[in-house]
Amino acid sequence: MSAPEPPTTSGCPVGHGGGMPAGGPLTPLYGAAVAEDPHGLYARLRARYGPVAPIELEPGVEAWLVLGYSELLELTRNETLFSKDSRRWRVPAEGRLAADSRLLPMTAWRPTLLNLDGAEHQRLRAAVADTLAQIDHHQLRGTTEAAANGLIDSWGPDGTADLIAQYARALPLLVFTQLVGLPAAAGPRLIELISHFVDSGAESVRASAEFQAILVDLVRRRRAAPSADLTSWLLAHPAGLTDEEAVHHLVVLMVAGNETSINWTGNTLRLLLTDRRFRATLTGGRLTVSDALEEVLWRDPPTQNFPGRWATTDTVLGGQYISAGDMLVLGLAAANADPAAQGVAPAHGSLGGNRAHLAWGAGQHVCPAQHPARIIVETAVETLLHRLPDLQLAVPPVELAWRPSPWSRALLSLPVLYSAFTPPRPPAPERPAWTSPTLPEEPATGPSDSTPSDGTSTPRTPGSEAPARRSWWSSLAGWWSGR
C-alpha cells in the first residue's frame with residue numbers, strides 16, 4: 001500500500017511520540033467519557049480521524065485505537081507487522097511509564113499466549129485450548145444452573161435484587177473457583193481483586209500481585225497432588241508448562257472467563273429489561289436467549305477495548321502513520337459499530353444469530369474461553385427468566401451507571417423488582433469432578449449446538465413445579481449474601 005509521509009517529530013505535541021498527529025491534546029480513553037457514552041466517543045473519534053485514532057491511555061501515555069472493522073481484522077491477522085509482545089512498546093522503553101502505572105496489570109509482558117507470537121504462542125494456546133476442551137459442557141450447564149438457583153433462593157422476600165452484585169458478579173466465580181480447584185470461599189475476594197486490576201484503578205497493581213499469589217499457591221498444591229480440575233489438567237499437558245507459565249495462564253483463564261461472563265450476563269439482562277422490542281420478540285418465541293447473547297456481543301461486548309498490539313516497524317494502518325513500538329488498542333465495540341461493517345451486520349433490527357462480530361477478537365489470538373463462558377451466561381439468563389418471569393427494572397434506564405473502565409463494558413448495578421417466584425427445576429445429579437460422565441445421559445455439546453434456549457418461563461423439564469431441596473449451592477449462596 002502507499003504510505004503517507006511520516007510526520008516530523010517537531011510537529012508532535014509534547015509527550016506524544018512517533019506518528020501521533022499534532023494539533024492539541026489527545027482524547028483520553030479513560031474517565032467519564034468512556035464509561036458514560038463510549039459509542040458517542042468512538043463515533044467522534046471516527047469522524048475526526050477515520051478508522052484508526054490517536055488516544056491517551058493515561059496522562060502522557062499515547063496509543064492508537066483501531067475503530068475500523070477491516071482494520072481490526074488486518075491488525076489481528078498480521079503478527080509480522082503487529083506483535084503481541086508488549087516488550088516492544090516504546091513508552092516504557094523511553095522511561096515514560098510510571099512504576100505504579102494503572103496500565104501495568106493489563107499491558108505488562110507475561111509468558112502467556114496473550115503476549116507471544118509464532119510457535120511459542122501455538123504451544124501455549126494448545127495447552128489452554130486442550131485444557132478447556134476437557135470440561136464436560138453438560139455438567140457445566142447443570143452446575144451453573146444449580147449455582148444460579150442457589151443465589152436466587154438466597155434473596156430476601158421483599159421482591160428486590162441487584163442483578164449485578166447479587167447475581168452476575170457472584171455466579172461465574174462460584175463456577176470458576178470449582179473449575180480451577182480453588183475453595184468456593186475464595187470467590188468474593190477474587191471478584192474484588194479482578195475488578196481492581198481490570199478497571200486499571202488505583203488498587204490495580206496491588207490487586208494483581210495478590211491475585212497472582214493465590215494462584216501460585218494453587219499451582220504448587222496441584223503439582224504435588226493433582227486432581228480433576230483445570231489447574232491439574234494444565235500442568236499435565238504435553239506442552240510441559242512450568243509453574244510460572246501455569247500461574248500466568250490461570251490468570252488469563254480466570255480473568256477472561258470470569259470477567260467476560262459477569263459483563264456479558266449483566267449486559268444481556270440489561271438488554272432484556274430495557275429494550276421492549278427485544279423482550280417482546282423473546283417472550284413471543286421469535287428469538288431465543290442465545291439471540292440476545294449475540295445482540296449484546298454486537299452492541300455492548302463485555303470487553304469493549306483490549307490491549308494490544310505493538311508495531312514491529314514503521315507502517316501504515318487506516319491511513320495513519322504508525323511508528324515502530326507504537327501500541328495499538330483493539331476497539332472491539334467500535335469495530336462492531338463501524339458503518340463499513342453494515343454489510344456484515346444489519347443496521348437495524350435484531351443481530352441474533354449473526355456471529356460475525358469481533359467481540360472475541362480475531363486471528364490467532366481469538367479468545368479461547370468463549371465456549372464455557374457462553375454456556376455459563378446462557379444458563380444464567382435462562383434460569384433467571386424461568387425463576388422470575390415478571391422481572392422488571394426498578395429504576396429508569398437512564399439511571400443505570402457503568403464502571404469507569406477503558407477495557408470492560410460493565411454495569412455498576414442493575415436493580416430489579418419481581419413478584420412471581422417459580423420453583424427451580426429438579427437439580428441434575430451431582431458429580432464430584434469435572435470429568436466426562438460414565439453413565440448414559442445427554443451428550444456434551446459446544447456453544448453453537450447447545451440446548452435451545454427458552455426465552456420464557458416454560459419449564460425445561462417436567463415436574464419443575466415441585467420445589468427442590470435446599471442444596472449445598474443454596475447454603476453457599478446464602479453465605480455469599482451475608483445471610
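How much accessible surface does this protein have, and what share of it belongs to carbon and sulfur atoms? The accessible surface comes to about 18,900 Å², and 57% of that belongs to carbon and sulfur atoms. Hello everyone, and thanks for coming. Before we go on, please keep in mind that this is a predicted model.

Let's start with the whole chain. The protein has 483 residues, and 56% of them are buried. It contains 18 helices and 11 strands. If you take the contacts between residues at least 6 apart in sequence, 74% of them join residues at least 24 apart.

What is the order of its strands? This is an open sheet of six strands, ordered 1-2-3-9-6-4, and the pairing is mixed. At the edges you will find strand 1, residues 27-28, and strand 4, residues 82-83, each of which pairs on one side only.

We can walk through some of the pairs. Strand 2 and strand 3 run antiparallel and are joined by six bridges. As an example, Ile55 has Ala63 in strand 3 as its bridge partner. These two strands form a hairpin with two residues between them, and in the turn Gly60 has a positive phi of about 85°. Moving along, strand 3 and strand 9 run parallel, with three bridges joining them. Here Trp64 is bridged to Leu328 in strand 9. Then strand 9, residues 327-330, pairs with strand 6, residues 306-311, in the antiparallel sense over four bridges. Leu328 turns up again on this side, as the bridge partner of Arg309.

While we are on strand 6, have a look at Gly308, which is found in that strand. The peptide bond joining Pro307 and Gly308 is cis, with omega at about -15°.

Back to strand 3 for a moment. Is it mostly covered or mostly open? It is mostly covered, with six of its six residues buried. Val61, Ala63 and Leu65 point one way, Glu62, Trp64 and Val66 point the other way, and all are buried.

What lies against these strands? Helix 2, residues 38-49, lies across strand 1, strand 2 and strand 3, and runs at about 130° to strand 2. Helix 3, residues 69-77, also packs on the sheet, where it touches strand 2, strand 3, strand 4, strand 6 and strand 9. The direction of helix 3 makes about 120° with that of strand 9.

Which residues of helix 6 are buried? They are His121, Leu124, Arg125, Ala127, Val128, Thr131 and Leu132.

On the face turned away from the buried side, helix 6 carries the exposed residues Ala119 and Ala133.

That's the tour, and I'm happy to go back to any part of it.

Methods:
Residues are numbered from 1 along each chain as its sequence is written. This is a predicted model: local features need pLDDT of at least 70, side-chain atom pairs count only at pLDDT 80 or more; totals for chains, interfaces and linings use all residues. Side-chain values use heavy atoms; hydrogens and water are left out. Two strands pair if DSSP finds at least two bridges between them. Contact means heavy atoms within 4.5 Å. Axes are lines fitted to C-alpha atoms, for helices over the stretch in contact, and angles run from 0 to 180 degrees between N-to-C directions. Buried means under 20% relative accessible area, exposed over 50%, partly exposed in between (1.4 Å probe, protein chains only). Accessible areas come from the Shrake-Rupley method with a 1.4 Å probe; for residues, only the protein chains shown count as cover.
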